[in-house]
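Student: I want to go through the salt bridges in this protein. Can we do that with the structure open?

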Amino acid sequence: MSGNNLVLPIVLWGRTAPTHCISSLLVMDDFSTIVTGCHDGQICFWDMTPELQICPRAMLFGHTAAITCLAKASACTDKQYIVSASESGEMCLWDVNDGRCIEFTKLACAHTGIQFYQFSFGAEREGRLLCHGHYPEILVVDGTSLEVLYSLVSKISPDWISSMSIIRSHRTQEDTVVAVSVTGILKVWIITAEVSRMQDLDPVFEEESKPIYCQGCHSISFCSFTQSSLLLVCSKYWRVFDAGDYSLLCSVPSEADQAWTGGEFIAADKVIIWTEDGCSCIYTLPASCLPASEHFRSDVGKTKEASIPPLIYSITERTDKQLLICPPVTRFFYGRREPFHKLLVQGDSAGRLSLWSVPDTCPPGSPATELQVSSTVSLQEAFDKLTPLSAGIIDQLSVPPGGEEPIKVTASVYIPSQGRLVCGREDGSIILVPATQTAIVQLLQGEHMLRRGWPPHRTLRGHGNKVTCVLYPHQVSPRYDQRALVSGGVDFSVIVWDIFTGEMKHIFCVHGGEISQLIVPPENCSTRVQHCVCSVASDHSVGLLSLRERKCIMLASRHLFPIQVIKWRPADDYLVVGCSDGSVYVWQMDTGALDRCVMGITAVEILNACDELAPATVDALSHPAVNLKQAMSRRSLAALKNMATHKLHTLASNLLAADSQDKGNLPKYSHNSLVVQSMKTNVTDPDMHVLFFDVEAVIIQLLTEEAQRPSPTMVSPESLQKSQAGPDKGGSFLANKIFKQVKETMKETIKEHLMDEDEEEEEEMRRREEKSKSLSLLEYNLTMDTAKLFMSCLHAWGLDCGLDAVCLERLGMLKPHCPISFGLISRGGHMSLMLPTFKEALLRQLSQAAGRTLAPADIVGNGTYGVSRAVSTQHLLSVISLANTLMGMTHASFIGEHMKKAPVRPPRPGTPESPRRTASSGPPPSSPAMQAQIKQAATTPASLGAPVRPPRGPSGAPSQGPASHSIPSVNEGWSQLAAMHCVMLPDLLGKFRPPLLEMLARRWQDRCLEVREAAQALLLAELRRIGQSGRKDTIDLWAPYLPQYVDSVSSRKYCRPVIELL
């Protein structure tokens, strides 16, 4: 889906929580949010109450490698930003409130530590990010744009920096950066105001370099209580240094087999040190480390190790002795504003967070006291506490008889052209189910709750155990048979299915391990390879399986290490396989021979060469004589065939292009209104499913179906002839043009369809498909079902009882069971998905405000529009634009016969033509000009200040309908729905997060008319709501980003409307 489109995700997590092996963590300054990053690349937000109760809120997706470090990126509390870095060099700037990605970049080096640094220049304050990692310098990055401004470089013994700390000076304008290299050399840089304002790449060299013999330093921290001490922690000892001349004050060795991983000052005379197995110890510093003591610096110059200081508190290792994949991550944070907690936070590989509140006073008595955990919770425990439990995409069809836990979905693929979702499960079965219907069952209340086994579905059985991957090749390339569905499992088999009849066509058993991936070869391969799928197995083998010949034409099985990447060189007939050890194998696809095996820089160059030039470009630039020489030298039959048929393909392509241009075929709209994407944070997890709703695509499909619907008052030839004789010829001419375009498009579609196959074979296949298809795929209109599901999820239920009744009885909407887990797509495709546990914290807050216990169903409206401002903006734009679209349609209600689909196949020649298309055949062919004509014919632009469009019929007057569902009443319902969300929502909702003005301003001239009108109405309503003072604050906030030097004529032309609005 396009990044400019208005796309809203809704996620079905299932009962199993995603894997979250914590690799880094951060506590925000207000102690209300904990941020954790994991080894799989996801980031999780956890809400924390003043009573230290924690609850997971959202999960962020965008990184492609393990998270190495997290740091705050802003000092203000109203806009809380964090920055994250991954092993692949990615850096992302996130908004903590709603999970938006503000900015992202990718560098050639990986960071292992980031610290936020804010400097003041007059009244201005700017943030910088000091980064260190696998490179011999410290990079200074802008905290807003993530651009590298300058670097702190070492003249003497440059090496990687293992840890770093910033010493803020309150007496002078100079701050100090202290870092320790991996070889144990301490480096000191001085940052002045002039250096901070540098924006060039000139390096800043160190002021001091001193060997302190602390190899492999894990952490260095500055004592903010005394302003005169530094704590360095290494694996076998921890040491305290004087921050003035960096002399050693004390050194404490570790006990027995302990390995220290970090530490921090918790008071002027106390430090906390933690180990790699999760244990922590709080020690009292000796008098030689305390500036207030008369023995301060008394041990300077002594080489012997000091005795172990008194142990005050200890946190022993885990009591459950659960086997962890990797060592836990421990950090200490203390609040600089209320509440003044001193917290020790620990996250482990099981996705568990544990908190310990460290007291200020020492316990009486000599023996150390064990500190009890204050709060602990894991993602899975939070999922298990939910009532009702979080739903999966096909849970109602997956609970076995006599069981409680549903069978897990391990692989799935969505087929937008048919509206079907294919789910492979861990018991080896494959379920085919209508996507919208199964989502309605999981999210919404209705009659379907009383039906057993709903919706109707088909089960394919053939695998002996878990299904690992599913592929529908026709969705990737139209050269494949649309009946073929391919699946792979842990039983080493690849099965080809007929998706319409459910028959098993063929079983490939050529691999010696479970199938891990199924890939479609590119278009420019040889004709034989074009009808194959590429299978990758865990035994390090790759196969080309021909769906046409039903045999394996190539099996590459000499790889010594797991396969990481598959690439193609169709012009040379090469299949390139990259393995985990860095080796690259080059195979000839036609003969199955191994051409070469390389490693090192040659392997990298071969992989990069596969991406540099497209195969068509290579063919176009190559001389025929060179191609012939290469083909003969390689003894490649496929290369000879490609060279011989090159000119023939070029000529055929030119003829087809000219013929298509002569016909004037209208291109299809490329976006689907609904896409169901399966996701998993780890390969061992079951699939969770995200439903992506494209608002613009839903609107276009609704208006297109409205234009194709046979209505005697709209598109019949008789009415067109009558209307042409009337005075209003403009509208009738437009409607007649739309009717002719739809009619011609359907004729071309029928003609092309009849040319594909022989008539007898097509008739036989039609009878088989009509007999085999399930009832659910015949009875429901995919477009209307998608709109019904979308609008039912977006409506703010529970705020207006009268409107809720209209929505249920007149409009045919359904109420959700509980608050729905929405998502937010931001820059670069980064995505934030709300976890199902977010409603627990919301339910607790609203119950306290209301003074009574609320049920999850009572806070559906608050869960939709009380989460974040960005989410509210997207939802309000969607619900208002769709409500205005449905208001202008003939059958605007989700109740009635129009919810059923038209016949599946187009009419045969000689039969009366039906202008309706099947929902399973996808959106009709349309061009931008035709889409604009449809919108103009079906809608009239709303006035700039009006929040909603006035109710109207399809031809300017209310059309007649059934008495129980009269069109004017339905239109009034949509009008009330749009007005409530546009104007009245702030008064009805107690915890309202208003829309973001900048997001609405970007949609002011959106290409979709309905979205544009909704954005304009929302922006005007919000400007009226915030009043004059709010508008002034907005102008002051945007003023620094507006251009100062503009043309006077243009400024008067464009600024006057803005001034009038504000």
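Tutor: What follows is a short walk through some salt bridges in this predicted model.

Student: How many salt bridges are there?

Tutor: The count comes to 24 salt bridges.

Student: Start with arginine 168. What does arginine 168 form a salt bridge with?

Tutor: Its partner is aspartate 175, and the closest N and O atoms are 3.2 Å apart.

Student: Is aspartate 175 buried or exposed?

Tutor: Aspartate 175 is buried, at 6% relative accessibility. Arginine 168 is partly exposed, with a relative accessible area of 37%.

Student: Next, aspartate 427. Which side chain meets aspartate 427 in a salt bridge?

Tutor: That of arginine 425, at 3.8 Å from N to O. Here arginine 425 is buried because its relative accessible area is 4%, under the 20% cut-off. Aspartate 427 counts as partly exposed, at 32%.

Student: And arginine 479, what is the partner there?

Tutor: Glutamate 523, with the closest N and O atoms 3.1 Å apart. This pair links distant parts of the chain, 44 residues apart. Arginine 479 sits in the loop between α5 (473-476) and β37 (484-489), and glutamate 523 in the loop between β40 (515-519) and α6 (527-530).

Student: Why does arginine 479 count as buried?

Tutor: Because its relative accessible area is 17%, and buried means under 20%. Glutamate 523 has 44% and is partly exposed.

Student: Changing topic to networks: which residues do salt bridges that share partners join into one network?

Tutor: Asp95, Asp98 and Arg100 are joined that way.

Notes. Residues numbered from 1 in each chain as written. Predicted model: local features only at pLDDT ≥ 70, side-chain atom pairs only at ≥ 80, totals over all residues. Heavy atoms only, no water. Salt bridge = Lys/Arg side-chain N within 4 Å of Asp/Glu carboxyl O. Buried < 20%, exposed > 50% of the residue type's maximum accessible area, 1.4 Å probe, protein only. Helix = DSSP H or I, 4+ residues; strand = E, 2+ residues; numbered from the N terminus.
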